[in-house]
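Please look at the sequence and the structure below. The paragraphs that follow lead through them part by part.

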Amino acid sequence: MIILLISCEKNIPFKINEMNKRIVIEACINDVDHYGTVKISESMGLMDDSIPPPVSMAKITLMDLTSKTNVEFTETTPGNYKSHVFKAPQGHDFELTVQVGDKTYKAVCEMPLPIILDSISFQDMTIFGGNGFHTLVNFQDSKGIENYYRFVQTVNGVKESLLYAYNDQFFDGKYQNFELFKSHLSIGDTVCVEMQTINKNIYQYFSQLSNVDLNSGQQLLAPANPPSNFSGGALGYFSAYSYQKARAIIQ
Amino acid sequence: MSARFFIVLFLTTYLSGFSQSTSSFVLQGKVRDARTKATLSGTNLIFSTPIPKVVVTSSTGDYFILLPAGKHFLEISMVGYEKDTLTVNIKKGMSLDFYLKPSEKAMDTVLIATQKRLDNLKKDLIGVQRISVSDFKNLPVLFGEKDIFKSIQLLPGIKTAGEGSSGFYVRGGSSDQNLILLDGATVNNASHLLGFFSVFNSDIINNFAIYKGSIPSEFGGRLSSVIDIHTQEEGLEKFTMKGGLGLITSRISLQGPIVKKKIAFLVSGRKAYPDAYVKYSPDTLVRHNKLNFRDFNAKLNIVLNKRNDLSISAYKGEDYFGLGTYFGIAYGNELISMKWRRVNNSQLNSTTTFSYTNFGYDIKIKNSNSDLMILSSIRNASLKHEYQFTKNQNNVFKFGIDVTLHEIKPSSIIASSGSGYNSVEIDPKRNFEGNVFFNHSHQFNKRATMNYGVRINSFSIFGPGNYINYDSLGNPTKYVSYRLFQVGIPYVTLEPRVSLNVEIARHQYLKFAYTRNAQNIHQISNSTSANPTDMFMSSNNNIKPEIADQISVGYFKNINESIYEFSAEAYYKSLYRQIDFRNGSQLVANELIERQLIYGVGRAYGLELQFKRKKGPLTGWIAYTLSKTERKFSSVNRGNWFNARQDRPHEISLVGIYQLNKRWTFSSIWVYYSGSPVTFPAGKYYVAGQNAYYYTERNGNRMPAYHRLDLSITLYGKPKPRYESSWSFAVYNAYNRENAYSINFKDDPLNANKTIAVQTTLFKLVPSIVYNFKY
């Protein structure tokens, strides 16, 4: 609070030795939609102010290792790829292979079991001396199983980039009114929450991604890049996840 | 007998029969302040005829010397007191107490002599600084609250852990490698208000010593330094009340006799209330927040008889930080120490100390989903028994033993039944530690003194408890279980220490030291700022004791009748079994934290120069430190040496105090240091709907250099017989330098494709005013 009262911030000119370019792959499949998406781009210099350079002409194959079936992807817009229609059953292992030029990147991910999302509700934070409303996600965690969650919130049609990735280490088997505490909402807001159950390594990816999210203001002594499940040195992740959605208006 | 001080002479019957074969006799006693009757440690008694001998009073004000029969010319000197001389005629063993009169000058000004007069150079070990709190009396301080921890950071070789932090680095060690003792009890977390203040109320501190080079073998347990702090022992004769009123802190202390000359007490309280101003914040959110601390000291000194005295000292402090009603953290220390000092006979003294220390925090979180508390604590109880045997003036032996029981309770979660969380109880970890130490101080001749000793440390797991062994990749390999009271196989560390002090020419001294230290209590933090929730770990089946070897050499010179003093010290330190964590480790509430830890080595070396002016209306010093501190871990930066967080090559401090007259004193501080190493991102990429930052090398970058000027004016009230008062006006960061506390990167709010670097400055110009009084 002293920091709040006394400190000041200013923007400063900044120069840094730039990194070598890296390929960034963000690949998602789920058990609800009958298609997968892959987004490929290149990393940038820290102070670059262009859009992330898309990577076109990649060759992408998804293989269901359990049922031994292949799915092909085609490029829809530069750097964005979409699969043909397929079904991704729970418990199946999937392998994604991305070929860019002469380089190949591979990742494997298992489709997790779903958890039922009952509803979302809202908590007026002013009664605790806080500000605005927080969304509560209501669901029953399954006991005795390590579950990993990711929540994606959309407010008035705008998807938030705030990261909420949690495991049930501290609430195994408990009914949750899980609080999405990072955004402060107002009466009249239309809120949509996508609750994903994700894999352990994808949880670790998002949890560490939020650790190095410098917008959070904390400065770590040893910040590190989140561990990608891709081989070949690509950044990003390949996530197979199960999801459910709920929508409500704050009244 | 001089008019300047009084001598009270006691001829004690029990000493009268004592004699040495060479017809030498014991002279012993205490040196006290003539006004307050407080004992004075570090006072020099110099006997110059027929053979020169020097003795320095101990931390309890006692001195002890063997002298041949005959007349001796004696000079007694102490910083802040009038020096005087007298002749003592030794015919038999006797006890003499001396009462020194505070010098007029010292009452109004400060003597910035961190080492006392020329004789100190002769007496002290290398890398030791003894400091009286009055030395720092008139220096400008942030928010007007005097803080010894802020002041010692102006000394060479001691670096601040950052603005707004009471942590400090000594010769390349991290901030958890400093042993901080208050009246003999270990202080595990010395910070208030998340580090803006230290837990030590400077009104009641008598003196303290900092050991950064050669550490005497009676101390151990931390690698880099020992800060040995003693509270006052005044009040055997009369009552005094002291206090101060400031904008965000106030304090008051009272001391006096319960039974005159037999039992004296001290009580003191301090409160900080920065949240008092929060009410006026324009932000309604901020208005509900709370941030404050208070602390309380009490002490009892009991003179049992001529040979025995007892002192009991206690401390309790509590900090509170709360956000609305949904989050609150309370943390603080509890300390108690009991010290029994006994003069066994003319050659043997003993001290027995029992101490108990407890640092803990509890966090309360209450919202719609959770109603829980997170609790953690670190405690220890320790018993130390030591002897000092003075064989003769040239040979003093110190030896003793101490045993300690440690208990660390890692953070446990206690959830209410309706809460969305489960309670998680992590078993406390207990350890048993034993030490045996021995030290011999041998004066070869007038010019050379050698000090050597050893400390043998044994540290083991104390059951019950369950432990898991991990391999170098963090995979479990073995489960080990200890029964109730079962003691594990100990880590035994031999810690030899030796130092040499030679007067190479008149007023010029060359000193050398080698010290090995072991550390078994480790503090682990992944944040740039010290937090009360930083985790403590003790050595166990996976974590081995940290070890440090240090060699240092120094040259010291007194110039112009000790008006000036010059010192140069160089050191090289090797650190083994240093602890760090894997990149991106999750440290909060992690039961299996040990698998995140990695072990490596460190090295630190440097040169410390200091030039002081100790007398006259203008006093002060300039200090410069050139140093390098590195660490090496196989899994960090491809196993190469890298700059440690503490690595700041250049560090300068300039301190000046000018006493215009008895009422006005002006002082200033200027500090400069190189920026700390930091890990900045090397690039960015777009993932999960946001810009993510890409990191290449740990500590591959450096913060901008830091510099700051502070000024202060102290106006003393017109001298009144029973009442003293002063006003202090100070300006922190007088030229309003925007020093970087942190540099963060974020998306430009106007253009999400653009990244901006944002520098946070903690304190721009901060004025303060404090009223101090003494009654």
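Across the interface of chain B and chain A, the rule finds one salt bridge, a term that stands for a side-chain nitrogen of Lys or Arg within 4 Å of a carboxyl oxygen of Asp or Glu. The side chains that meet in this salt bridge are those of B:E738 and A:K10, at 2.9 Å from N to O. Eleven residue pairs, both residues at pLDDT 80 or more, are in polar contact between chain B and chain A. A polar contact is a pair of N or O atoms within 3.5 Å; within protein, one must be able to donate a hydrogen and the other to accept it, and residues adjacent in sequence count only if both atoms are side-chain atoms.

Several elements of chain B each supply at least two residues of the side that touches chain A, among them α5 (284-287), β21 (290-303) and β49 (751-761). The largest share of that side, ten residues, comes from β49(B). Its residues divide into 34 nonpolar, 33 polar and ten charged; here Ala, Val, Leu, Ile, Met, Phe, Trp, Tyr, Cys and Pro count as nonpolar, Asp, Glu, Lys and Arg as charged, and the others, Gly among them, as polar.

This is a predicted model, in which local features need pLDDT of at least 70 and side-chain atom pairs count only at pLDDT 80 or more, while totals for chains, interfaces and linings use all residues. Residues are numbered from 1 along each chain as its sequence is written, chains are lettered from A and ligands numbered from 1 in the order in which they are written, and side-chain values use heavy atoms, with hydrogens and water left out.

How many residues of chain B are in contact with chain A? There are 77 of them, and they touch 74 residues of chain A, where contact means heavy atoms within 4.5 Å. The two chains bury about 6,800 Å² between them, 59% of it on carbon and sulfur atoms. Buried area is the accessible area (1.4 Å probe) that two parts lose on being put together, summed over both.

Strand β1 (residues 8-12) of chain A pairs with β49(B) in the antiparallel sense over five bridges, and A:C8 has B:T761 in β49(B) as its bridge partner. Helices (H or I, at least four residues) and strands (E, at least two) are DSSP runs, numbered from the N terminus, and two strands pair if DSSP finds at least two bridges between them.

Within chain B, an open sheet of five strands has the order β9-β16-β17-β12-β13, with mixed pairing. The edges are β9 (128-132) and β13 (185-186), each with a single partner strand, so one side of each is left without a neighbour in the sheet. Inside this sheet, β12 (residues 178-182) and β17(B) run parallel over five bridges, and B:N178 is the bridge partner of B:S225.

The loop between β16 (205-211) and β17 (225-231) of chain B holds B:K212. Is B:K212 buried or exposed? B:K212 is buried, because its relative accessible area is 3%, and buried means under 20%, exposed over 50% and partly exposed in between (1.4 Å probe, protein chains only). A polar atom of the side chain of B:K212 lies 2.6 Å from the backbone oxygen of B:P156. The side chain of B:K212 also makes a polar contact with that of B:E608, at 3.1 Å.
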